Amino acid sequence: MGDSDCNNIVVCTNSRYAEYIPPLFNSISFHTPKNIVFYVVYSSITENQKLRIKNNISINPGNTIEFIEFDTENELKKLEKDRKFEPFAGSFDAYTRLFLTEILYIQRHVERVLYLDIDIVANKSLEPVFEKLKTVKLLGGVLDSDADSMTDITENYINSGVLLLNLKALHEFGFMQKALDLAAERAGELVYFDQDIINMILGSEQKTLCDVSFNTQSNSPDEIKKGILFHFTGPRKPWLRTLRWRVKKCTWVKHYIMSKVGGGIIAERLLNFCLLTLRPFLNLFVSSSAPKDRRDS
């Protein structure tokens, strides 16, 4: 499904974060004319959440979606034997990405896929990303904003929120087994968990560095102008009321609204104008002393 053009996207989620998939999928479908196959790998999700997600890929009639239930915790229990996997941030769902070669390549014959975190919104067409995906030998990504401080782990430390995955090559490399072995061996030690694991397993020569526009992590005006995918790294998520209203947040909120009420190019431009105009006033209500949102994780 879609392998000839590499127009495959996968997200991993649960019912807690599934409500934030619609603005991501809405923004991708709005900006990218290509037909895309979306895969949603989940441990828990409601039927209403599935329906909302489906509605936001239907902007392009050629888009399709597949929901894949995957009980990560149970799969890890099968593999434990003489080792033990520890939850990360209170959940086993952080391990799901490590199983993608099995879930998508072995079981569904998907050879290449673009992995995206939930806290991302598209600002332009993903066509350059899909073109790059065709050439990635193993795994591609953008340098993490803290890459300079992570050289003790590896050179070219990439951010794992946007990953261009050659699943066939990763399977032949033995990625899943190596990742799970390392996860069990270093349980409780890793700061960024699966991001650290990916960078520790793959040396700098095995990772394809991609243009920063594929994973815009900062609020730099130059990077924002060129950005294809805006990524809200760290605890400051776009759905939190305490996050300042900058261009990135306005972009996410715009597609959050559109994911609920619909609308075409005129609605998008009107929302964009209104949000950017109101931004200084909205920031008056943002206080650094406001209570921390329960989803700030």
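Residues are numbered from 1 along each chain as its sequence is written. Since the model is predicted, local features need pLDDT of at least 70 and side-chain atom pairs count only at pLDDT 80 or more, while totals for chains, interfaces and linings use all residues, and side-chain values use heavy atoms, with hydrogens and water left out.

**Exercise 1.** Work out whether the chain's radius of gyration agrees with that of a compact globule.

Step 1: the rule, over C-alpha atoms, is 2.2 Å times the number of residues to the power 0.38.
Step 2: for 297 residues that gives a value near 19 Å, and the chain has 19 Å, so the two agree.

**Exercise 2.** Find what share of the 297 residues is buried.

Step 1: buried means under 20% relative accessible area, using a 1.4 Å probe and protein chains only.
Step 2: buried residues make up 52% of the chain.

**Exercise 3.** Track down the largest cavity and describe its lining.

Step 1: on a 1 Å grid over the protein atoms alone, a cavity is a set of points where a 1.4 Å probe fits but cannot get out, and lining residues have an atom within 4 Å of a point.
Step 2: the search turns up 1 cavity of 30 Å³ or more, and the largest cavity holds about 80 Å³, a volume being the space filled by probe spheres set on points joined across faces, edges and corners.
Step 3: its lining includes Arg97, Thr101, Tyr115 and Phe175.

Notes: 1 Å grid on protein atoms, 1.4 Å probe; cavity = no way out; pocket = protein on both sides within 12 Å on 5 of 7 lines; lining within 4 Å. Buried < 20%, exposed > 50% of the residue type's maximum accessible area, 1.4 Å probe, protein only.
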